[in-house]
Amino acid sequence: MENIIELEEKMLKNLSNKALENNKIDVELFSKYQVKRGLRDIDGRGVLVGLTEIGDVRSYIVEENEMVPIPGKLFYRGIDISDLVNGFLEDDCFGFEETCYLLLFGNLPTERELKDFEQLLAGYRNLPDDFVRDMILKMPSKDIMNSIARSVLAFYSLDDSAEDTSIENVLRQCLILIACFPLMAVYGYQACTHYHDNKSLFIHSPQPELSTAENILNMLRTDSKYTKLEATLLDLALVLHAEHGGGNNSTFVTHVVTSSGSDTYSVMAAALGSLKGPRHGGANIKVVQMFENIKENIADWNDDSEVEEYLMKLLNKEAFDRSGLIYGIGHAVYSISDPRAVIFKEHVAKLAKEKGFENEFNLYAKVEKLAPEVVGKKRKMYKGISANVDFYSGFVYRMLDIPPELFTPIFAISRISGWSAHRIEEIVNAGKIIRPAYKNVIKRRKYVDRENR
């Protein structure tokens, strides 16, 4: 048996080396053929591939044909995210549900429309009979994003109209998924900790009178208790993550798969796979892990020179995961500031004070201030960099006692609203199948028969 295993390992290593050797493309060819890697120009501007009325990300203005960086702006259906947040916070209301309505239907709801919409979501916020037992508890996954994706695909088998891509049916499917994502995520986590970590299993049912944020805390915590500030911060996180234009990776995936004519469940499972990646939705976990490493290796959190020295070690691949990255700093679009991080920071400070995390918050603020300066000393910058929303979101979840396994799933619980809006927009406008070009750069070769290879 050992010989078979050793042979398998040897073969896989050999084949892996072949795959590595024969898939390298000369990096200079990308410049030669003007390939915009990541569909972005060197100055950070995205290649225009579509039109949308849902989300808008602004980071610069053009003056005399030159890009001039500005503080970042984010708009949902033309409404500044700052105005949206200030509006529902001033009314002392939760904002995620009305944000979903805005993204899906184009306008803010009236009180009557919002109440009806919340009741509709509450009615959908139930998993099918025996679904928790058969789909979640019997097959617990160590990765909750994979657990949610499996649950989403299982919904296909339970939907008699799964392939119907009419707007009414797609909207029904999307609303059910928006309502059920919190259950899929929390129950998937409970199953994981019970079967893999030998922790007690408890399943709390969602309450129809509670908001999405309140239900997450209600279902997640053993005693179902939470404070108003905790629910408000989680609701704010959901609002800030709900949409980010059509060009972000998972939303672009939503457009691409929708353009092929595929069903809603396949589209959302594909988007989940994209969001799971550490370069996208998984980034906030990396930020938290990085800060744990920073705290262990810096004696004086208030010493700028010591913090700066360690940040340089991160860039030099001498610390943490040796990736050369300062996680949570920099964004593909924003340069001067990420509006989501700006909004988050103000409210994070309040939660940190309530929870006794003020010293740690001050360390976050110091790294936010020093990191761009350190990066500027090390690398040539084509545009400015600043803290992005992931920089603070993981810290918020930690203060809310939300386990790291649920950091990215919470992002998915939020972003499903944006994905749904973009799926509907793609169907309504009946676009062509999305198929960009790739240039083949290998030299032509003749076939060689087996005896002469």
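A residue is called buried when its relative accessible area is under 20%, exposed when over 50%, and partly exposed in between. In this predicted model, glutamate 230 has a relative accessible area of 4% and is therefore buried.

**Salt bridges between separate helices and loops**

Glutamate 230 forms a salt bridge with lysine 355, and the closest N and O atoms are 2.5 Å apart. This pair links distant parts of the chain, with glutamate 230 in helix α10 (residues 228-241) and lysine 355 in helix α15 (residues 339-355), 125 residues apart. Lysine 355 is partly exposed, because its relative accessible area is 28%.

A salt bridge also joins the side chains of lysine 286 and aspartate 321, at 3.3 Å from N to O. Lysine 286 belongs to helix α13 (residues 283-297) and aspartate 321 to the loop between α14 and α15, so the pair ties together parts that are 35 residues apart in sequence. Lysine 286 is partly exposed at 23% relative accessible area, and aspartate 321 is likewise partly exposed at 30%.

Lysine 366 forms a salt bridge with aspartate 304, the closest N and O atoms lying 2.6 Å apart. Because lysine 366 lies in helix α16 (residues 358-378) and aspartate 304 in helix α14, the pair ties together parts that are 62 residues apart in sequence. Lysine 366 has a relative accessibility of 19%, which means that it counts as buried, whereas aspartate 304, at 30%, is partly exposed.

| Pair | N to O distance |
|---|---|
| Glutamate 230 and lysine 355 | 2.5 Å |
| Lysine 286 and aspartate 321 | 3.3 Å |
| Lysine 366 and aspartate 304 | 2.6 Å |

The count of salt bridges in the model comes to 21. Elsewhere, Asp130, Arg133, Asp134 and Lys138 are linked in a network of salt bridges.

**Surroundings of tyrosine 310**

Tyrosine 310 lies in helix α14 (residues 304-315). With a relative accessible area of 8%, tyrosine 310 is buried. Beyond residues up to four places away in sequence, tyrosine 310 touches Asn293, Ile294, Asn297, Ile298, Ala319 and Phe320. With one of these, asparagine 297, the side chain of tyrosine 310 makes a polar contact, side chain to side chain, at 3.2 Å. The C-alpha atoms of tyrosine 310 and aspartate 321 are separated by 13 Å, the two residues being 11 residues apart along the chain. Aspartate 321 is the salt-bridge partner of lysine 286 described above.

Conventions
Residues are numbered from 1 along each chain as its sequence is written. This is a predicted model: local features need pLDDT of at least 70, side-chain atom pairs count only at pLDDT 80 or more; totals for chains, interfaces and linings use all residues. Side-chain values use heavy atoms; hydrogens and water are left out. Helices (H or I, at least four residues) and strands (E, at least two) are DSSP runs, numbered from the N terminus. Buried means under 20% relative accessible area, exposed over 50%, partly exposed in between (1.4 Å probe, protein chains only). Contact means heavy atoms within 4.5 Å. A polar contact is a pair of N or O atoms within 3.5 Å; within protein, one must be able to donate a hydrogen and the other to accept it, and residues adjacent in sequence count only if both atoms are side-chain atoms. A salt bridge is a side-chain nitrogen of Lys or Arg within 4 Å of a carboxyl oxygen of Asp or Glu.
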